[in-house]
Amino acid sequence: MNLIKTSILSSISTVIRIISGFISVKVVSVYIGPSGLALVGQIQNFVDMVSNIASAGVNSGVVKYTAEYRDNEKIKQKIWSSAVKLSFILLLPVAIFIIFFSDYLSLRLLNTYEYKSVFILFAITLFIFVMNGLLISILNGEGEIKKLTILNIASSLVGLLITLILVKKLNLYGALISSIVTQSIVFFITLMFVIRSKWFKLSMFLGKMDREYRNKLLKYSIMTVVSATTIPLSRIYLRNYIGANIGWDAAGYWQGITRISDTYLMLITTTLSIYYLPKLSSIQDKMELRKEIIYGYKIIMPVVIVMAAGIYFFRDFIIKLIFTSDFLPMRELFLYQLIGDVIKIASWLLGYVMVAKAMTKLFIISEVIFTFSFVGLGVLFIKIFGLVGISIAFMVNYLLYMIFLLFALQGYLNGK
């Protein structure tokens, strides 16, 4: 399946996810306001980080090697069984840690002990998060694009329904637990799709851990865990910094613009994750690899630029539509955030080469350096420019990241 067909299918599900996500944000904004939205951002970043760590970060590797050995059942059995066992190594201790430190986590992330039960609920359902991620990765690697499309649509609608019910009944607490409850339900939908697939056999997930594929998966595990830790932690730290130095409403404005960026860019990032990782992983010839990257720029970048420009010119309307008039101060964040979004996607088209080709050392170095630089630039620019400084830092950081990748990957793409 080529990039255009994949883009069309992923766009269908992503548009529904965007609409569902914006309705959810609207409900949350009306009921709990900017400061509440900031706290929801805190728990979402924590959930994303921990679920990736607990899975041992094997999902990207599962996508790559499942795609690479799609017709080799024996090797896939080694990959999947090794992935399951690697996931279980961290799952239990991480869950126990969260339960025992739920008081501390609630205070540090949500500024009160009141929501410790949110963390306990997440710890109890962590197994479901891990298995859902693994099964989705297998569907992706198997090239089950239509099933992934249907699954994403179902997940979006279930998530929207649960958010509407819980926020209306429980306000902030309902907003905090909605994503946890949603994933628990979505797992069973994913499981139904997997069981009905022709390639599914329970035996494929059983057996001894294979040393060769354990080591291959661990390369991706390290990359995923680093990425899954550094990015959410940077957002959590900066959100806390904004809350402490400017106010939690301001933190909510930044969460709002971040949510807009993350949501509309799903049209692009979903296509990249479904199409690009398997495609780049399967390409061995570097000339063909360069052509695929250039093809991606020709198709993807004009779309990103048009979307970013449209959002900027209609920003006031978008703020009132998606949020409430209480969020109008966030309009000053749009310009630099949207320019940063364009640069971000341009850099990701190159960055996926590191993941596809298991460039573990380069990936880790770049993630660590540019996470710290984002935090440093964020704090510095907030002191100089106020809240808009966080968007300027976002833009500058991705510009530096893009320059870094151009130099770092130049030799590889030129066959050196």
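Residues are numbered from 1 along each chain as its sequence is written. Because the model is predicted, local features need pLDDT of at least 70 and side-chain atom pairs count only at pLDDT 80 or more, whereas totals for chains, interfaces and linings use all residues; side-chain values use heavy atoms, with hydrogens and water left out.

The phi angle of N111 is near 65°, a positive value in a residue other than glycine. N111 is partly exposed, with a relative accessible area of 42%; buried denotes under 20% relative accessible area, exposed over 50%, and partly exposed in between (1.4 Å probe, protein chains only). A positive phi is also found at N171, near 55°, again in a residue other than glycine. N171, however, is located in helix α7 (residues 145-195), and its relative accessible area of 36% places N171 in the partly exposed class.

The structure holds seven salt bridges, a salt bridge being a side-chain nitrogen of Lys or Arg within 4 Å of a carboxyl oxygen of Asp or Glu. One of them joins E212 and K216, with an N to O distance of 3.4 Å. Both residues belong to helix α8 (residues 211-245) and are four residues apart, about one turn of the helix. E212 is partly exposed at 44%, as is K216 at 21%.

R235 and D262 also form a salt bridge (3.0 Å, N to O). Because R235 lies in helix α8 and D262 in helix α9 (residues 248-264), this pair ties together parts that are 27 residues apart in sequence. R235 is buried, with a relative accessible area of 18%, whereas D262 is partly exposed at 29%.

A salt bridge is likewise present between D316 and R331, whose closest N and O atoms are 2.7 Å apart. This pair links distant parts of the chain, 15 residues apart: D316 is in helix α12 (residues 315-322) and R331 in the loop between α12 and α13 (334-356). Relative accessibility is 31% for D316, which is partly exposed, and 34% for R331, also partly exposed.

E367, in helix α14 (residues 360-385), is buried yet has no salt bridge. The nearest side chain of opposite charge, K344, is 10 Å away; Lys and Arg count as positive and Asp and Glu as negative, with His and the chain ends not counted. Leaving aside neighbours within four places in sequence, E367 is in contact (heavy atoms within 4.5 Å) with V226, S227, T230, I231 and Y401.

Note on methods:
Helix = DSSP H or I, 4+ residues; strand = E, 2+ residues; numbered from the N terminus.
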